[in-house]
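Subject: Structure handover

Hello,

Here is the structure I promised to pass on. Please open it alongside this email.

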Amino acid sequence: MLIAVIMLAVAVGGLLGSSASVARQMGGGNAQTVAAGLAQARLDSLTSLSCAQLAAGASSGSTLQRGVRESWTVTDGRNIKTIDVRLRVPRRVSELHFRMVIPCRD
């Protein structure tokens, strides 16, 4: 009887440990999904501007939204603009980096 109780306790402990791990992974995936949505919104808003507008005022910035620290820079190239968006997600060691190159036609 004692052996059966010990085996049951070990099994339940293992289940609790694995369920906690799954919960952490799901929370991390949710935060990364939020970060990707924020990056897409930032890239969409910056690519809707003309190259002259990008050079005039949207060259860099940072915000904190829904726990995600976002920063962006726009660099000038020969007939192109490069938009870099960096996101710092809570409980993630490295930051996420998104880059888009847009041609300047104006």
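Below is what was found in it, from the whole chain down to single residues.

First, the ground rules. This is a predicted model, in which local features need pLDDT of at least 70, side-chain atom pairs count only at pLDDT 80 or more, and totals for chains, interfaces and linings use all residues. Residues are numbered from 1 along each chain as its sequence is written, and side-chain values use heavy atoms, with hydrogens and water left out.

**Overall shape**

The chain has two helices and four strands. These are DSSP runs, numbered from the N terminus: H or I over at least four residues for helices, E over at least two for strands. Along the sequence the order is α-α-β-β-β-β.

The radius of gyration is 22 Å, whereas a compact globule of 106 residues would have one near 13 Å. That radius is taken over C-alpha atoms, and the globule rule is 2.2 Å times the number of residues to the power 0.38. The C-alpha atoms fill a box of roughly 80 × 20 × 20 Å along the principal axes.

**Surface, contacts and charge**

Of the 106 residues, 24% are buried. Buried means under 20% relative accessible area, exposed means over 50%, and partly exposed lies in between (1.4 Å probe, protein chains only). The accessible surface is about 7200 Å², and carbon and sulfur atoms hold 60% of that. These areas come from the Shrake-Rupley method with a 1.4 Å probe; for residues, only the protein chains shown count as cover.

A contact means heavy atoms within 4.5 Å. Among contacts with a separation of 6 or more, 36% join residues 24 or more positions apart.

There are 12 positive and 6 negative side chains, and the centres of the two sets lie 9 Å apart. Lys and Arg count as positive, Asp and Glu as negative; His and the chain ends are not counted. Each charge is placed at NZ of Lys, CZ of Arg, CG of Asp or CD of Glu.

**The core**

Which residues touch the most other members of the largest nonpolar core? They are Ala-35, Leu-46, Val-68, Ile-83, Val-85 and Leu-87, out of 17 residues in that core. Two or more residues come from each of α1 (2–47), β2 (68–77), β3 (80–88) and β4 (96–103). Helix α1 gives the largest share, seven residues. A nonpolar core here is a set of buried Ala, Val, Leu, Ile, Met, Phe, Trp, Tyr and Cys residues joined through side-chain atoms within 4.5 Å.

**Single residues**

Arg-42 sits in helix α1. Arg-42 is buried, at 17% relative accessible area. Beyond its neighbours within four places in sequence, Arg-42 contacts Thr-63, Gln-65, Glu-70, Trp-72 and Val-85.

Asn-79 lies in the loop between β2 and β3. Asn-79 is exposed, at 53%. The C-alpha atoms of Asn-79 and Arg-42 are 21 Å apart.

Asp-44 is also in helix α1. Asp-44 is partly exposed, with 44% relative accessibility.

Glu-95 is in the loop between β3 and β4. Glu-95 is partly exposed, at 33%. Leaving aside neighbours within four places in sequence, its contacts are Arg-86, Leu-87 and Arg-88.

Best wishes
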